[in-house]
Amino acid sequence: SFDLGSLVQGLENVDSYRTTISTGDGETYTGTVITRPVLMRDLYIGTGDDATHIVAIGEETWLGEGDGPLQPAPAPMIGAFLPLFDPMVLLGAFAGAGVTQYAENLGQEEKNGQATTHYKVDPSKMTGVFTSLPADAAIEMWISDEGYLVSFAATDLGSAGNDIVIDVTNVNDPANVVERPS
């Protein structure tokens, strides 16, 4: 057993990364996160011209549509949205419930270009709130050798909720850039 929450928090120890979050209802969230020297995020909620684009650098925030121009936005308004696209918040239900005690170590595997250990949860062994998961539900995690979450997938959840897949890529990649809009 391990603490899924601490693995997501482990991303705070890297300089930068990119994340993609996909849900079973077709929503996609993509973003670049720079953790130092100040927290910076460049996020797209949705795709194409209909996407909402948010840039947050420290306490400054901007909002726009698609690839259109970004306009300054009140930090409290944007700040209320940002946690909705934070992997830690999204994994909150799984992190606090001890779901990882049911995880089987499937061994070393490369995932998203990183050396990881692959874990898969057997829903049939789970108790408590997770007993409502269908028998064919799958919860899988890939944990980097450095101790942060590289990928999480909860699929075939049936009435228990939408599928969710979170991928972390480009860790500490110098190409990860968040720029202040001009």
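Guide: Let's start with contacts, meaning heavy atoms within 4.5 Å. Take those in the protein chain between residues at least 6 apart in sequence: 44% of them join residues at least 24 apart. A word on ground rules: this is a predicted model, where local features need pLDDT of at least 70 and side-chain atom pairs count only at pLDDT 80 or more, while totals for chains, interfaces and linings use all residues. Residues are numbered from 1 along each chain as its sequence is written, and side-chain values use heavy atoms, with hydrogens and water left out.

The chain has four helices and 11 strands; these are DSSP runs numbered from the N terminus, H or I of at least four residues for helices and E of at least two for strands. The 11 strands make an open sheet, ordered β6-β5-β4-β3-β2-β1-β11-β10-β9-β8-β7, with antiparallel pairing. β6 (71–72) and β7 (103–111) are the edge strands with a single partner each, so one side of each has no neighbour in the sheet. Two strands count as paired if DSSP finds at least two bridges between them. As background, strands of a sheet pair through backbone hydrogen bonds, either parallel or antiparallel.

Now walk along one stretch of that order. Strand β2 (residues 28–34) pairs with β3 over six bridges, in the antiparallel sense, and Thr32 stands opposite Asp42 in β3. The link from β2 to β3 is a hairpin of five residues. Pro37 is in that loop between β2 and β3, and the peptide bond joining Arg36 and Pro37 is cis, with omega about 5 degrees. Next along, β3 runs antiparallel to β4 and is joined to it by six bridges; here Met40 stands opposite Ile57 in β4. This pair is a hairpin too, with six residues between the strands, and Gly46 in the turn has a positive phi of about 95 degrees. Then β4 (residues 52–57) is joined to β5 (residues 60–65) by six bridges, again antiparallel, with Glu65 in β5 as the bridge partner of Thr52.

What about the packing? Of the 182 residues in the protein chain, 43% are buried, where buried is under 20% relative accessible area, exposed over 50% and partly exposed in between (1.4 Å probe, protein chains only). The largest nonpolar core has 23 residues, and Leu82, Ile139, Met141, Phe152, Ala154 and Ile164 have the most contacts inside it. Each of β3 (40–45), β4, β8, β9, β10 (149–155) and β11 (164–169) supplies at least two residues of this core. Apart from it lies another core, of 10 residues, including Val33, Trp142, Tyr148 and Val168. "Core" here is a set of buried Ala, Val, Leu, Ile, Met, Phe, Trp, Tyr and Cys residues joined through side-chain atoms within 4.5 Å.

Ile139 and Ala103 are 36 residues apart in sequence, yet their C-alpha atoms are 8.6 Å apart. Ala135, by contrast, is in the loop between β8 (114–121) and β9 (138–144), and counts as exposed at 76% relative accessibility.

Over in strand β8 you'll find Thr116, buried at 0% relative accessible area. Its side chain reaches the backbone oxygen of Glu109 at 2.6 Å. Beyond its neighbours within four places in sequence, Thr116 touches residues including Gly107, Trp142, Ile143 and Val150.

Asn170 has a positive phi of about 50 degrees although it's not a glycine, and Asn172 has a positive phi near 55 degrees. Asn170 is partly exposed at 28% relative accessibility, and Asn172 is partly exposed at 41%.

Terms used. Polar contact = N/O pair within 3.5 Å; in protein donor to acceptor, adjacent residues only side chain to side chain.
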